[in-house]
Amino acid sequence: MKKIEHLGIAVKDIEQANKLYEKLLGVPPYKQEAVESEAVLTSFFKVGDSKIELLASTNEDGPIGKFIAKKGEGIHHIAFDVENIEIELDRLEKEGFQLINKTPKSGADNKLVAFLHPKSTNGVLIELCQEKPVNQGEN
């Protein structure tokens, strides 16, 4: 793992949250993107070398919709930048971590992503991120 890549924050209203974080951080989001496979709208803010990802559900039955219904708005996950996501998933599974995704999938911000189950990480949803190879592009 190279660094914390971003903190994911679940929000009910992406436009309201964008305005709040723009005031807080003094910069607008550098990217907004829908990830249809996860039923989510995302906004990314750059904070020094790290990022904050705002996540709003497009469907109450999506992962973020369910999270907000159960826990309310707030920190959803911590994402770590990794050199090779497949190798890291294999290593972590061998270390006893429960994988939500055994193989990486296409995520926001040109990343391959996979998640570790909070039951195996002291209640924290962990995301692994790897920049997509140039030849892979958007899936």
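A salt bridge, as the term is used here, is a side-chain nitrogen of Lys or Arg lying within 4 Å of a carboxyl oxygen of Asp or Glu. By that rule this structure, which is a predicted model, holds twelve salt bridges. To see one of them, select Lys2 and Asp81, whose closest N and O atoms are 3.5 Å apart. The pair joins distant parts of the chain, for Lys2 belongs to the segment before strand 1 while Asp81 sits in strand 5, 79 residues apart. Side chains of opposite charge can pair when their charged atoms come close.

Next, show the strands as a cartoon, and you will find an open sheet of eight strands, arranged in the order 2-3-4-1-5-8-7-6 with mixed pairing. Strand 2 (31–35) and strand 6 (105–107) are at the edges, and each has a single partner strand, so one side of each is left without a neighbour in the sheet. From one strand to the next, the twist averages 35°.

Now select residues 40–47 and 50–57, which are strand 3 and strand 4, paired in the antiparallel sense over eight bridges. Within this pair, look for Phe45, which stands opposite Ile52 in strand 4.

Finally, turn to the largest pocket, which has a volume of about 700 Å³. Which residues lie nearest its centre? Select Pro63, Ile64, His76, Phe115 and Leu125, which are the ones nearest the centre among the 34 residues of the lining. Helix 2 (63–71) is one of the elements that give two or more residues to this lining, and its six residues are the largest share. If you colour the lining of the largest pocket by residue type, its residues divide into 14 nonpolar, nine polar and eleven charged.

Definitions and conventions
Residues are numbered from 1 along each chain as its sequence is written. This is a predicted model: local features need pLDDT of at least 70, side-chain atom pairs count only at pLDDT 80 or more; totals for chains, interfaces and linings use all residues. Side-chain values use heavy atoms; hydrogens and water are left out. Two strands pair if DSSP finds at least two bridges between them. Helices (H or I, at least four residues) and strands (E, at least two) are DSSP runs, numbered from the N terminus. Axes are lines fitted to C-alpha atoms, for helices over the stretch in contact, and angles run from 0 to 180 degrees between N-to-C directions. On a 1 Å grid over the protein atoms alone, a cavity is a set of points where a 1.4 Å probe fits but cannot get out, and a pocket is an open set with protein on both sides within 12 Å along at least five of seven lines; lining residues have an atom within 4 Å of a point. Grid points are joined across faces, edges and corners, and a volume is the space filled by probe spheres set on the points. Ala, Val, Leu, Ile, Met, Phe, Trp, Tyr, Cys and Pro count as nonpolar, Asp, Glu, Lys and Arg as charged, and the others, Gly among them, as polar.
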